[in-house]
Amino acid sequence: MSTVDGRHTLDREAERIAYKPPEIRHDTQGDMSTEERVQTAMHHFVKDFNTQTASYLDGCLHCGMCADACHYHVRTDDPRYTPIWKIELFKQAYKREVGPFAFFYRLFGFKKKVTIEQLEEWQHLLYDSCTVCGRCSLVCPMGIDIAGMVSMARHGMFKAGLVPHELHETAKRAAETGSPLGITPEKFEERLEWMADEHDIDIPLNVEKADVLAVMSSIEIQKYPESMAATAKILNATGESWTFRTDGFEATNFGMLSGNTDWQKESSMKLIHAAIKIGAKTLVLPECGHAYMAMRWMGANMYGKPLPFKVQHVSEYIADALNDGRLKVKKVDKSVTFHDPCQVSRRGGATQAPRDILKHLGVDFREMPQGGDYNWCCGGGGGVVTIKRADKLRHRVFKLKMDQVESTEADELLSSCANCRQSFDDSQQHFNWSYKMGSLMEMVAENLEEGNA
Amino acid sequence: MSQVDEIPVQIEATHGNVRPILNEVMHALDKLLDKGITTTIDLASLPFAPGELNELEATFGKGELSARLDALGTSRIRETTYPGVWWIEHRNVHDEVVGRYLEVTRLPEILSSQDADIMAGRARLGEQFE
Amino acid sequence: MKYKPTVGEILRARGVSRRGFLKYCATTASLLALPPSMIPRIAEAIENARRPSVIWLSFQECTGCTESLTRSASPTVEGLIFDAISLDYHHTLQAAAGEQAEAARHAAMEENDGNYLVLVDGSIPMGNPGYSTIAGISNYDMLMDTVKGAAAVVAIGSCAAFGGLPGANPNPTGAVSVQDLVKDKPIVNVPGCPPIPMVMTAVLAQFLTFGKIPDLDKHGRPLAFFGNTIHDRCYRRPFYEQGKFAESFDDEGAKAGWCLYKLGCKGPTTYNACATVKWNSGTSFPIESGHPCLGCSEPRFWDKGGFYQPLSTGHFGSGTKLAGAAVAGVALGVAAAAAGRRRQNKYTKEA
Amino acid sequence: MDLLEFARGPALQFAALVLVAGTIWRIVGIVLLSKKPDFSEPRGPGGLGAALKVIYTRAFTAAPFKKATLYPKIMAYVMHIGLFATIFLFTPHIVFFEGWTGFDWPGLPNSIIFFIGVATVVSGVALIIRRATTPVLKLISNFDDYFSWFVTMLPLVTGLLIPVRALFRYEDLLAIHILSVALLLTWLPFGKLGHTFLVFITRGTTGMVFERRGAKT
């Protein structure tokens, strides 16, 4: 563990603290003219403004405190990583086109038209250096939800073909194949069978009617297949009727992450239709942060009316089952610290569920300093983990996370987000770090009391 | 005027002119002793609160010597309880106060017989022998 | 030109002793707000000064200024007017009347051409010369005729200095001040309604002593008397600083002699010597007797809002105007939002 | 009409009209933009209560950020409390409000107000220096930030100079003071000073959205 102050690092590879142009590599998709690109971005920025965003964009005081909450700024001292600066173009478009005084802004040219150079520079700020973790909105004295607006600004960026290639390709593959990692229904089924054999358990698939629809994230299916088994074990143990579906299994939503609202809707609707089809009362989302945001809080809005079923993160589902006695677990004699996925805890409101679970497991739970709702992000959220060119920055920022975890001196590090797990694993390899990220759900599955249900 | 006098006047606080004046007089006495320089303080230039002037006068009190001058109305020249500090009050023929001074001196100039008056008196005296 | 005795000679002739003269000089110094160390110089100056001729013109006025002056306690009215100056024309005070009086004025003007002082009280009506005439002569004609040979003009009272009450809105007579009309003579304004008598005599004494007009502020007022505000020199100032205010004329604060700011005192914006020189032989001044300063020595004090309206009160528009502004705000807001949404729709279609 | 009368009369009237019209304009312009209905199943109560809660709670810094934002927060507190005290607890101002609204409340002694005013100016200077020197603030600041600071400081400084009689005459400085207030009121609805009313809308919005999710506000 380093004793060097993060703000004045001695790392020879570290980027300079002073202002510098962004790393040169602006990705563009499609063959629009420059003008078209700018116009398209602008039109889609403008489309998204509503009373909520207007109150935010008009309310900003330029106090700069959000910089102190952002891991990118804290680790680099680069002022461009000030969260509110990341939506500067979005703000510029608002003031010029829609705000109450837009007429004057245009008339006197108080706010210039956005240029392609700016958009290219902001590609780095809106994608590579924002995980949409929302920590900044907790420090903001006006309570501005900057992360939410970064997501909105990405819509315009996507339409203008200004998305980092890897993220764009991942999203595109998700749209084309139904999974960002190219997991087809057949592949899913195959891997479920493998897990069923491996663990000698029942994994219901494509049941016609069930109370619970369980879904997975491709990352789990591909990289952490044990999660599928764990999900099955737990759901079996509760005794509820449940099933996986091949017509709706993918919980990740790269349409949302990349900024393509059409794709976002397509992904969400698949799950919604599957759940309605089997008459599910509950849709249990996997250990995935953005899937929670996409379905729990945005799903109904994609659907256009309230959903006829309940949406729960698997940790919420487990916590409920443990709390009302449907599920019982053995005590685990370990010290554990928990990494809160931003979209589930801070932005999703399900912060308490994992803590309830850990209490039932009887572990020595060690909260991280600035943990829970104020947790530092893993650095891989918001699609950032897919963007290769952002790796260097992501690893640099991860230092905060390492310090945070290490200070607890816990035996185990757990989380409930496969995407977090993925970026932890990557950074763990990069730094040869001693901690390995584990899954809370898997710990529950491994410690189920015999004779459940 | 008796009815007006019956109105009770409350004086809650003063402007605080008394202490600064005492201080100034003290320094004036030092100057008088060390260098023989006399000082005159014109009390008309100070904003006194009701009753404050009386307070000041009472503070200085009456000393050993007191004189009355009859010229263009009466004037009272009085040494205070602090020797060398004189309270001088000029009145006009209507007995209205037209000037108040604190003079820090061994003897106020106005008490000395003036050369012009001495000469005039000498002339009058001379007339007796013509 | 006939021989004019010096002031010293006149005083001696009247049997005033040197002591009396020194007393006179001390009170004059006090009057001029000069330090006592100046007394010897004043004595020397007065000794050799020659009595100036004074012509007093009264126009649209109430004679309050003359009343005030004749109650001047310093050095003595008689002494000043009859000994130190030669008041050759004052139609209220002089015995002569009609053509005889006018003849006296012309005689004084001719005799002292270029050296006499003109004192004016009252404003001059420019609306119709008939509003105010003396011996058939309009005020304007008399003023302009008289000041031609004057050494200086002293405007006594707020009417002569600034137009005063006759000049108050809507100013039916078209009243103007002396300084509005006389441009080529030194003018001293001694405003006040009425002015402090000592200040009037002091200006004369100053002219008498030094043969020139005193230093003036931007409104032409002698700095020696108009250099500080009433508020600056007010004995109730500590209450202002402590935040102790009389809220009405009969509350405990008023009885305790607290600051009258909230009752509309104009002391902070009024330049005059009332707080130090005081009135009625130094007895008191309005604030001391429990009434806020009206600001009578300031230009157009009649038209500066209510006498009992505190100084820091603003004059907002009527409620109707504010309501109108609110309606305009709603309209603009609706229009702005509509324009914004129209752009959004347009862009959505284009996109 | 002298300067003071102009300041107290037409200038203040104009400022009041602009203030009222501009404030309503901005609020209506924001409120009447499209609103997206939220169909998601609420976890916690949204609505007005949530809005009020966050309007209140955001006046305080969350513990994890206390250290990093200590300096600007303290300065901002001093500035806001100072502005409140100098505006609303100085007796001549109370008289001003009383003349306008008919309400009257006790003030603080002038000496204390003077001290608070100086502290407010000091905090303002500290904040503007910080804005002009720290890289983050340098980058994100624009004309509005500096101009709004200027129009806020102007009435404060002119107000503080009024008792210092050496430079100006009382009525001149009072006139300038009132004119600077008129400028402040005229600018207030349009620039970032609009946060005097937007703070309720902005914080309230977050309160309604995030309390509804049961998320951290």
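Before you select anything, one term: helices (H or I, at least four residues) and strands (E, at least two) are DSSP runs, numbered from the N terminus. The model on your screen is predicted: local features need pLDDT of at least 70, side-chain atom pairs count only at pLDDT 80 or more, and totals for chains, interfaces and linings use all residues. Residues are numbered from 1 along each chain as its sequence is written, while chains are lettered from A and ligands numbered from 1 in the order in which they are written.

**Stop 1: a helix in chain C**

Select residues 98-111 of chain C, which form helix 6. This helix has 14 residues and reaches 20 Å from its first C-alpha to its last, close to the 20 Å expected at 1.5 Å a residue (the expected span is 1.5 Å times one less than the number of residues).

Now colour C:Arg105, C:Ala108 and C:Met109, the buried residues of helix 6 of chain C. A residue is buried if 20 or more other C-beta atoms lie within 10 Å of its own, exposed if 12 or fewer, and partly exposed in between, with C-beta atoms placed from the backbone. Look down the axis of helix 6 of chain C: its buried residues fall within an arc of 100 degrees, so they line one face of the helix. That arc is taken from the directions from the helix axis to the C-beta atoms.

Turn to the other side of helix 6 of chain C to find C:Glu99, C:Gln100, C:Ala103 and C:Glu110, which are exposed. Then show what covers the buried residues, including strand 1 (53-58), strand 2 (86-90), strand 3 (116-121) and helix 7 (139-147) of chain C.

**Stop 2: where chains meet**

Here two residues are in contact if their C-beta atoms, placed from the backbone, lie within 7 Å.

For contrast, chain A and chain B do not touch, and their nearest C-alpha atoms are 48 Å apart. No contact joins chain B and chain D either, whose closest C-alpha atoms lie 16 Å apart.

**Stop 3: a sheet in chain A**

Select strand 5 (residues 335-339) and strand 7 (residues 412-415) of chain A, which run parallel and are joined by 4 bridges. Zoom in on A:Val336, which stands opposite A:Glu412 in strand 7 of chain A. Both strands belong to an open sheet of 4 strands in chain A, with the order 6-5-7-8 and parallel pairing (two strands pair if DSSP finds at least two bridges between them). Finish at the edges: strand 6 (364-365) and strand 8 (437-439) of chain A each have a single partner strand, so one side of each is left without a neighbour in the sheet.
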